[in-house]
Amino acid sequence: MKNRSALKFLLVVVVPLFLTGGGVVALTMDLLDRLSTGANVEDHRRTAEVVASALDASQQQLADLLFDNTNWDAAAINLSAPEVNFEFFEASWGIPSAIGINYDVAAAVDKNGETIMGMAGGNVLTANMNDYLGGHLLALLAELPSNNTQPRTTSAIVKTSDGTAIIAVGNVAPTTQGLDLGTNEPRFLVMAKLMTNEFIAQLGEKFVVKNMRLLPKDLSASGGLAITNRFGESVGELTWDDRRPGDSTRELIQPTVFITLSVLMAVLTAIAFVCWWQFRDIGERERKSNFEARHDALTGLLNRAAIVAETDAALAENFCGVCVLFIDLDGFKVVNDTYDHRTGDHLLYSFAAMLRTLTPADALVSRIGGDEFVVLFRGVNATVQAETAASKIIDFLQMPFDFDGRIASIGASIGIAAAADPEIRAAELLRRADIAMYRAKSDGKNRCCVFTKSMDADRGETLEIVSELRAIVACKEIDVAYQPIVDAFSRKMTGVEALARWPGGTGREVGPERFIAEAETAGIVNQLGETILERACTDAKKWADLRVAINISPLQLRDPEFVSRTLSIIDRIGLAHGRIELEITEGTLIDDIARLKPVFVTLRSAGISLALDDFGAGYSSIAYLRELPFDRIKIDRSLTSAILVSGSARHMIQATGLIARGIGAEVTAEGVEAEEEIQILKLAGCAKLQGYLFGKPQDANSITRALKLSTAAIVAA
Ligand code: C2E
Ligand code: MG
Ligand code: MG
């Protein structure tokens with residue numbers, strides 16, 4: 001995950017950033033290179049032009065000089081004479097050729113190129129001029145007028161016997177018209193300036209071309225100025241040392257560019273770093289919010305959305321091996337209400353940690369609501385694993401949690417649903433597990449149920465019952481039946497137990513245990529309880545001296561206003577407190593002792609009696625009896641009905657009698673159905689008896705009638 005985001009960062013930020021940076025660097029370097037090369041090339045081209053111009057100028061200079069020498073009366077007279085005067089020739093051209101400033105060779109030739117007189121470097125030149133000039137003289141002479149009246153010059157660069165030279169040739173013509181020249185044969189003057197290294201160097205200096213030199217054609221390299229004579233022959237190449245202004249410019253700019261690029265790269269690196277931090281931060285936040293989106297903040301387990309998604313994914317992969325466990329904690333609310341929310345949170349956290357250890361490592365554990373957990377099992381053994389985990393969880397919760405002396409006893413109602421068809425989706429599977437859990441709850445809690453199709457119908461019925469129950473509670477239409485409680489010795493009815501009944505005429509029959517549990521789940525048990533109390537008190541007012549026992553749900557006891565509301569109902573109806581007894585089921589007290597004590601004390605001091613109901617049905621704790629001021633213990637029907645067949649049941653009842661005596665309480669035996677039981681119960685200390693033997697739960701009128709009958713019987717007696 002981390003590597004993937006690092007790669008993403010690399011691709012999205014670092015690579016583009018450094019590509020851009022690298023691109024800028026490369027482009028800048030290329031631009032610098034192009035600029036400097038361009039400047040160098042341009043300068044070279046211009047220098048080549050200068051060199052070519054210098055060469056042209058040298059040629060022109062020699063041609064101009066030659067023109068001055070040929071267009072001269074004295075030269076015309078001397079050179080046209082049948083015998084050329086040597087002194088004149090030497091003085092005019094021989095000596096300058098020796099100085100070699102303007103030319104090195106000067107010769108007078110006839111129209112056939114024959115040398116009439118010539119001097120080179122101050123010495124007499126005897127060689128045939130045409131040969132000396134590489135055979136090009138005749139071609140040049142052909143360009144000139146073959147007379148002595150129209151002076152003209154021509155020039156060229158040729159290879160001479162002494163090396164490459166600039167030559168100029170012109171016909172000799174006097175400036176004075178009609179001058180007697182002796183002969184009319186045309187005469188030509190040739191001048192040659194050898195392109196020696198010295199000459200080239202001077203030329204270079206003059207035209208500011210560094211280290212200009214002439215390379216022979218076989219040594220010539222590209223880049224210089226190739227010199228081709230007018231006859232199409234290559235005579236060499238003029239080369240020089242380029243100034244390369246681009247290089248110097250480059251050297252000048254380069255440090256600045258380098259610093260700028262370094263700063264740019266540093267800035268880019270800094271940007272990359274900042275981006276990395278940001279990215280890491282964003283990545284961290286993203287990871288955190290992803291985690292938060294999928295996890296429950298309190299326990300760190302997966303949340304509802306995540307487990308639904310995981311279940312859907314597992315179903316899509318292979319529906320056969322998917323099974324979910326739906327856990328609802330029994331008694332969690334008690335802990336939350338009894339202690340504080342911190343203890344409740346602590347309990348949830350501890351339970352979550354425990355869930356992880358009790359389930360296989362590959363099971364996915366989630367908390368989907370307050371005290372609801374879902375575990376997803378995948379694989380061929382999913383259902384077996386789920387059942388095993390369920391029993392481990394239930395076993396584990398047998399032991400109460402201890403948070404710094406705060407004891408929290410909870411149980412778990414667990415539903416299991418396995419995927420049975422390919423069409424099923426997570427929502428449906430969880431719904432089924434929820435229904436199975438609900439069945440486990442209504443079957444007595446702290447157990448596990450596996451979903452079956454029939455539960456769906458039951459669930460539908462339950463929902464109907466709950467909705468009808470809401471209407472019944474709202475209209476206070478609940479019925480109350482009264483079961484007689486008789487004195488064990490006189491068998492006289494001394495009291496009744498009020499038992500809630502589903503009203504007739506609704507088309508269904510629902511037992512009190514069921515609808516009271518539904519009222520508890522639906523959060524309407526307080527109103528229901530108050531309605532029953534109101535009805536029972538109202539009915540009891542008709543029966544002088546008869547005590548009325550009213551069952552109280554443990555959830556009612558948790559209502560902080562329970563005592564005040566109960567007393568105000570009783571007082572409003574005007575029933576003597578001493579005629580009322582509240583029955584609280586033993587199993588529901590759990591760890592509420594400390595909180596219940598003041599409730600009990602207040603009720604008792606108000607004259608209301610308290611009975612511990614269903615004693616012996618669940619696990620009994622003597623602590624309840626010691627800590628809470630009970631006036632009565634009601635032996636559970638399951639124990640009473642066993643006394644004729646079970647010795648231990650008899651012993652238990654006897655022990656209950658002793659305990660009751662110890663705490664100053666009376667004992668009532670419930671569920672008395674046989675005459676034979678009465679003797680044993682009396683011997684065990686049961687002062688009151690209740691059961692079908694003395695009367696089934698019946699309506700208030702029946703009790704009124706029974707009372708009247710017994711009064712009549714007494715009167716008759
Ligand atoms: P409980 O308080 O222990 O009530 C006694 C139950 O035992 C009653 O069942 C009664 O009909 C039944 N019973 C009494 N004698 C005999 C007998 O000889 N044989 C047999 N087979 N049964 C006998 P019922 O009315 O179905 O009530 C069941 C439970 O529902 C009650 O047990 C009580 O826990 C609860 N309950 C009933 N009415 C109320 C109520 O108004 N409020 C609350 N919170 N719970 C109630
Ligand atoms: Mg009862
Ligand atoms: Mg009972």
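Here is a walk through this structure, from its ligand and metal ions to one threonine.

Keep in mind that this is a predicted model, where local features need pLDDT of at least 70, side-chain atom pairs count only at pLDDT 80 or more, and totals for chains, interfaces and linings use all residues. As for bookkeeping, residues are numbered from 1 along each chain as its sequence is written, chains are lettered from A and ligands numbered from 1 in the order in which they are written, and side-chain values use heavy atoms, with hydrogens and water left out.

Let's start with ligand 1. There are 23 residues around it, and Arg501, Asn551, Asp613, Glu673 and Tyr692 come nearest; a residue counts as near if one of its heavy atoms lies within 4 Å. Sorted by class, that shell has nine nonpolar, five polar and nine charged residues. Here Ala, Val, Leu, Ile, Met, Phe, Trp, Tyr, Cys and Pro count as nonpolar, Asp, Glu, Lys and Arg as charged, and the others, Gly among them, as polar.

Where do these residues sit? Helices (H or I, at least four residues) and strands (E, at least two) are DSSP runs, numbered from the N terminus.

Now zoom in on some atoms. A polar side-chain atom of arginine 501 is 2.8 Å from an oxygen atom of ligand 1, while a side-chain N or O atom of arginine 637 is 3.1 Å from a nitrogen atom of ligand 1. Tyrosine 692 uses its backbone instead: an N or O atom there lies 2.8 Å from a ligand 1 oxygen.

Next come the metals. Donors are N, O and S atoms within 2.8 Å of the metal (3.2 Å for Na, K and Ca), and sites may look incomplete because water is not among the atoms. Aspartate 613 also bridges this ion and the magnesium ion (ligand 2), which lie 3.8 Å apart. Aspartate 613 is in strand S21 and glutamate 670 in the loop between strand S23 (666–669) and helix H22 (675–683), so the pair ties together parts that are 57 residues apart in sequence.

Finally, look at threonine 164 in strand S5 (residues 163–171). Threonine 164 is buried, with a relative accessible area of 8%; buried means under 20%, exposed over 50%, and partly exposed in between (1.4 Å probe, protein chains only).

Technical notes. A polar contact is a pair of N or O atoms within 3.5 Å; within protein, one must be able to donate a hydrogen and the other to accept it, and residues adjacent in sequence count only if both atoms are side-chain atoms.
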